[in-house]
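Let's take a walk through this structure together. Keep the sequence and the 3D view at hand as you read.

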Amino acid sequence: MSGEIRFFELNTGAKFPSVGLGTWQSDPGLVGEAVAIAIKVGYRHIDCAQVYGNEKEIGIVLKKMFEDGVVKREDLWITSKLWCTDHAPEDVPEALNRTLQDLQLDYLDLYLIHWPVRMKKGSVGFRPENLTQPDIPGTWRAMEALYDSGKARAIGVSNFSTKKLGDLLEIARVPPAVNQVECHPSWDQRKLHAFCKSREVHLSGYSPLGSPGTTWLKSDVLKHPILNMVAEKLGKTPAQVALRWGLQMGHSMLPKSTHESRIKENFDVFGWSIPEDLFAKFSEIEQARLLRGSSFVHETFGPYRTVEEMWDGEI
């Protein structure tokens, strides 16, 4: 598959930029500068979330970018996510309003349920006693109302297994446009990808480089010999090859960085492609999920007793 692959079309008809800047674990004081650099480099998709604790800083930068004429609001795609403490239907619009206020925006291009997990309202952190029973249909109806209002121009989910996504599609009036999940050559989400494709839900990949900056994860995604062999043959970096692989698989990719050189490198994935013979080699890579969501699993509290239950066996 060659060509630019700069956009994917969602089930809403919207054009979804294929590479976005991730902002998870981007420290306050650094994230604003990273967003400014990314927009100047050509990124048109910024992936945010209330729980990342940096939307206010991003909002200040976005406002300046619009005022300075660097980019128009309608040319940027801004995603954010509903945190687990705000799943009650009456809390969903309030949570979106807080995010819009922090980002200094009138609407989001995409609003996602961050996890299929519910926590007590107002609780902070990941203490198991805060886990409660989710009511995804109820939360989704509140999300649909935001879509109807135009404040969220598309709605979707994140970290949903094939089964959980299927269950939601059964009851949804407005089908989710996107499922944002961990996706990289060492966790290619083949089963979920096939299901998403069959139901016209776009799969968007977070941690597309295997979260190399996450200290509590042992990640060797970018060191894989196949990735490095392909990179060497094409004269690209392993990160660029991992991202281009995702685009050719049909996923959008959300690399996170606060370093100018990496932000630029991660966007240099257009105008070239991985040839079919090399692309086929990726199917030989051993698969392992990195982000297991263990904080949401407990023998007493919440709905999930095991990591297997959390992901419905997709681990």
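Predicted model: local features only at pLDDT ≥ 70, side-chain atom pairs only at ≥ 80, totals over all residues.

Residues are numbered from 1 along each chain as its sequence is written, and side-chain values use heavy atoms, with hydrogens and water left out.

Let's begin with a pair of helices. Helices (H or I, at least four residues) and strands (E, at least two) are DSSP runs, numbered from the N terminus. Two packed helices are described by the angle between their axes and the distance between the axes. Here, helix H1 (residues 31–41) packs with helix H2 (residues 55–67) at an angle of about 35°, and their axes are 8 Å apart. The axes are lines fitted to C-alpha atoms, for helices over the stretch in contact, and the angles run from 0 to 180 degrees between N-to-C directions. Contact, by the way, means heavy atoms within 4.5 Å. On the H1 side the contact is made by Val-31, Gly-32, Val-35, Ala-36, Ile-39 and Lys-40, while H2 brings Glu-57, Ile-58, Val-61, Leu-62 and Met-65.

Now move along to helix H8 (residues 238–249). Is H8 enclosed or open? Eleven of its twelve residues are buried, so H8 is largely enclosed by the rest of the structure. Buried means under 20% relative accessible area, exposed over 50%, and partly exposed in between (1.4 Å probe, protein chains only). Among the buried residues of H8 are Leu-243, Arg-244 and Trp-245. Their cover includes strand S1 (7–9), helix H6 (190–198), helix H7 (225–234), strand S12 (252–254), helix H9 (260–267) and helix H10 (276–280). Just after H8 comes Gly-250, with a positive phi of about 105°.

H6 deserves a look of its own. Its residues Leu-192, His-193, Phe-195 and Cys-196 are buried. They cover an arc of only 165° around the axis (taken from the directions from the helix axis to the C-beta atoms), which puts them on the same side of H6. The face turned away from that buried side carries the exposed residues Lys-191, Lys-197 and Ser-198. The buried residues of H6 pack against helix H5 (162–171), strand S10 (178–182), strand S11 (202–206) and H8.

Next, find Leu-108 in the loop between helix H3 (92–103) and strand S6 (110–113). Leu-108 is buried, with a relative accessible area of 0%. Leaving aside neighbours within four places in sequence, Leu-108 has contacts that include Arg-73, Ile-78, Leu-96 and Lys-151.

Finally, a bit of backbone. Most residues other than glycine have a negative phi. Ile-5, though not a glycine, has a positive phi of about 50°. Ile-5 lies in the segment before S1 and counts as buried at 12% relative accessibility. Asp-312, also not a glycine, has a positive phi of about 50°. Asp-312 sits in the segment after helix H11 (307–311) and is partly exposed, with a relative accessible area of 29%.
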